[in-house]
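Dear colleague,

I am handing over the structure below, and my notes on what was found in it follow directly after. Please read them with the model open beside you.

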Amino acid sequence: MKAEDVQLGMLVQVHRGYSEADLRDRIGVVRRRVGNKSHSPFEVRFKNAEARQLRLLRAGEFEEAKNF
């Protein structure tokens, strides 16, 4: 996914090849863009049984969640 295609509030799913195993295939919501537009990461909020988690991810590390 390209950074310009990401919209706030969008449901996204982390790629299966992501380096942190606990985030692979997780679905979250894009909360905001951090930094400038060219290479900025996005703040993505994940919810799990214990607590909500915020992570910074680049657009290439996730895709829009379809079938959710």
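S19 is exposed, with a relative accessible area of 62%; here exposed means over 50% relative accessible area, buried means under 20%, and partly exposed is in between, with a 1.4 Å probe and protein chains only. S19 is found in the loop between strand 1 (11–14) and strand 2 (27–33), and its C-alpha lies 9.4 Å from that of E61, although 42 residues separate the two in sequence.

This is a predicted model, in which local features need pLDDT of at least 70 and side-chain atom pairs count only at pLDDT 80 or more, while totals for chains, interfaces and linings use all residues. Residues are numbered from 1 along each chain as its sequence is written, and side-chain values use heavy atoms, with hydrogens and water left out.

The loop between strand 1 and strand 2 also holds D25, which is partly exposed at a relative accessible area of 33%. D25 has a positive phi of about 70° although it is not a glycine. Most residues other than glycine have a negative phi.

As for the overall fold, the protein has 0 helices and 5 strands, where helices (H or I, at least four residues) and strands (E, at least two) are DSSP runs numbered from the N terminus. The radius of gyration of the protein, taken over C-alpha atoms, is 11 Å, close to the 11 Å that the globule rule (2.2 Å times the number of residues to the power 0.38) gives for 68 residues, so the protein is as compact as a globular protein of that length. Along its principal axes, the C-alpha trace spans about 35 × 25 × 20 Å, and buried residues make up 31% of the 68 residues.

Leaving out residues up to four places away in sequence, L57 touches V14, Y18, P41, F42, V44, F46 and F62, a contact meaning heavy atoms within 4.5 Å.
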